[in-house]
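Good morning, and thank you for making time for this presentation. Please keep the sequence and the model open while I speak.

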Amino acid sequence: MKNLPKNWIAEGLIDFEYKKYQLLAYLQETNQQFNAAKLYPMLGELIEHHRLLDDLKKGKSELSNLFPRVISGIDFQNGKLQYQPRETEGEIMQEIANITDFALPKFTEQIKKGKEIYQLVENQVEFEPVGIMPIYTREGFILVSRESKSDVHAFRYQSNFLQLAGEKFRSIRMWFVGVFQKSLVNTLEKIKLQLIKDIKELPNPATWRLHSSHDFPMEETLLPISKRLLLQHVSSNQE
């Protein structure tokens, strides 16, 4: 899978045609992933690339900070190294501006496509509790299944708060527990009871079911959507 380095616009040869080729090759790869309904990590990378270039265009970050620097001296009085950029402004800065103007709408277009696929997948999945839901929902299990398969992938989840820039954000951690075979006898409720038996530290866990009517990829698509839906449903009044 082709990756586009975070600092791609200022790395290596700074030439419009070369960077255009580099970008289009990456976008072709993201297109292939999206056509296979594989959303992550590509969609997240595209959004981050767009954000960085948009900040650059709006002057929120300095072009000169993109370039590698060399030590030009030592400030003994303050105990600091002194740097100078390897590149100068002028034609190179204009070339980067041209690349940015070309790349931003390309990223926007591809992000739109990824979000449309995401919405399509999210609209067709079923997300619901399994059994009686306890008051405490910050920890528990999620059972992920697909219509065409009898496999039920079980994950444990834990929700926490992150403190960033003075604000609290809820996060979700998920880790794989095992694969069960769903049948007329081995129902989701029985799978839940088996999980409770195996993992005794959660005697009355919140348990959710995410079911897809289509055979979408598990790792790249269904799990990221599971995390998003869990974030929407876990109790927000417990810290």
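Arg51 and Asp55 are four residues apart in helix α2, so about one helical turn separates them. This is a predicted model, in which local features need pLDDT of at least 70 and side-chain atom pairs count only at pLDDT 80 or more, while totals for chains, interfaces and linings use all residues. Residues are numbered from 1 along each chain as its sequence is written, and side-chain values use heavy atoms, with hydrogens and water left out. Helices (H or I, at least four residues) and strands (E, at least two) are DSSP runs, numbered from the N terminus.

The side chains of Arg51 and Asp55 form a salt bridge, 3.0 Å from N to O. The term denotes a side-chain nitrogen of Lys or Arg within 4 Å of a carboxyl oxygen of Asp or Glu. Arg51 is partly exposed at 38% relative accessibility, whereas Asp55 is buried at 18%. Here buried means under 20% relative accessible area, exposed over 50%, and partly exposed in between, with a 1.4 Å probe and protein chains only. In total, the structure holds ten salt bridges.

I turn now to β7. How many of its seven residues are buried? Seven of the seven are, so β7 is largely enclosed by the rest of the structure. Ala206, Trp208, Leu210 and Ser212 point one way from the strand, and Thr207, Arg209 and His211 point the other way. In general, the side chains of a regular strand alternate between the two faces of the sheet.

Two strands are taken as paired if DSSP finds at least two bridges between them. Strand β3, residues 126–129, is joined to β7 by four bridges, and the two run antiparallel. Within that pairing, Glu128 stands opposite Arg209. Strand β4 runs parallel to β7, with seven bridges between them; Ser145 has His211 in β7 as its bridge partner.

Side chains also connect these elements. Arg209 meets Glu126 in a salt bridge of 3.2 Å, N to O. Since Arg209 lies in β7 and Glu126 in β3, the pair ties together parts that are 83 residues apart in sequence. Arg209 is buried, with a relative accessible area of 13%, and Glu126 is partly exposed at 39%.

A further salt bridge joins Asp215 and Arg146, whose closest N and O atoms are 3.3 Å apart. Asp215 lies in the loop between β7 and α5 and Arg146 in β4, so this pair links parts 69 residues apart in sequence. Asp215 is partly exposed at 45%, while Arg146 is buried at 12%.

**The nonpolar cores**

A nonpolar core is a set of buried Ala, Val, Leu, Ile, Met, Phe, Trp, Tyr and Cys residues joined through side-chain atoms within 4.5 Å. Which members of the largest core touch the most other members? Among its 44 residues, they are Trp8, Phe107, Ile142 and Leu210. Elements giving two or more residues to this core include α1 (16–35), α3 (91–124), β4 (139–146) and β7 (206–212). The largest share, nine residues, comes from α3. Apart from this core lies another, of eleven residues, including Val130, Val152, Ile191 and Leu202.

**Aromatic pairs**

Four aromatic pairs are found in a search of the whole structure. In Trp8 and Phe107, the ring centres are 6.5 Å apart and the planes stand at 70 degrees, so the pair is edge-to-face. The criterion is that rings of Phe, Tyr and Trp (its six-membered ring) have centres within 6.5 Å, with planes under 30 degrees apart counted as stacked, over 60 as edge-to-face and the rest as tilted. Trp8 lies in the segment before α1 and Phe107 in helix α3, 99 residues apart. Trp8 is buried at 1% relative accessibility, and Phe107 is buried at 0%.

Phe155 and Phe176 form another edge-to-face pair, 5.6 Å centre to centre, with 65 degrees between the planes. Phe155 is in β5 and Phe176 in β6, so the pair ties together parts 21 residues apart in sequence.

**Helix α4**

Finally, consider α4, residues 188–198, whose buried residues are Leu188, Ile191, Lys192 and Leu195. Seen down the axis, they fall within an arc of 105 degrees, so they line one face of the helix; the arc is that of the directions from the helix axis to the C-beta atoms. On the other side of α4, Leu193 and Lys197 are exposed.
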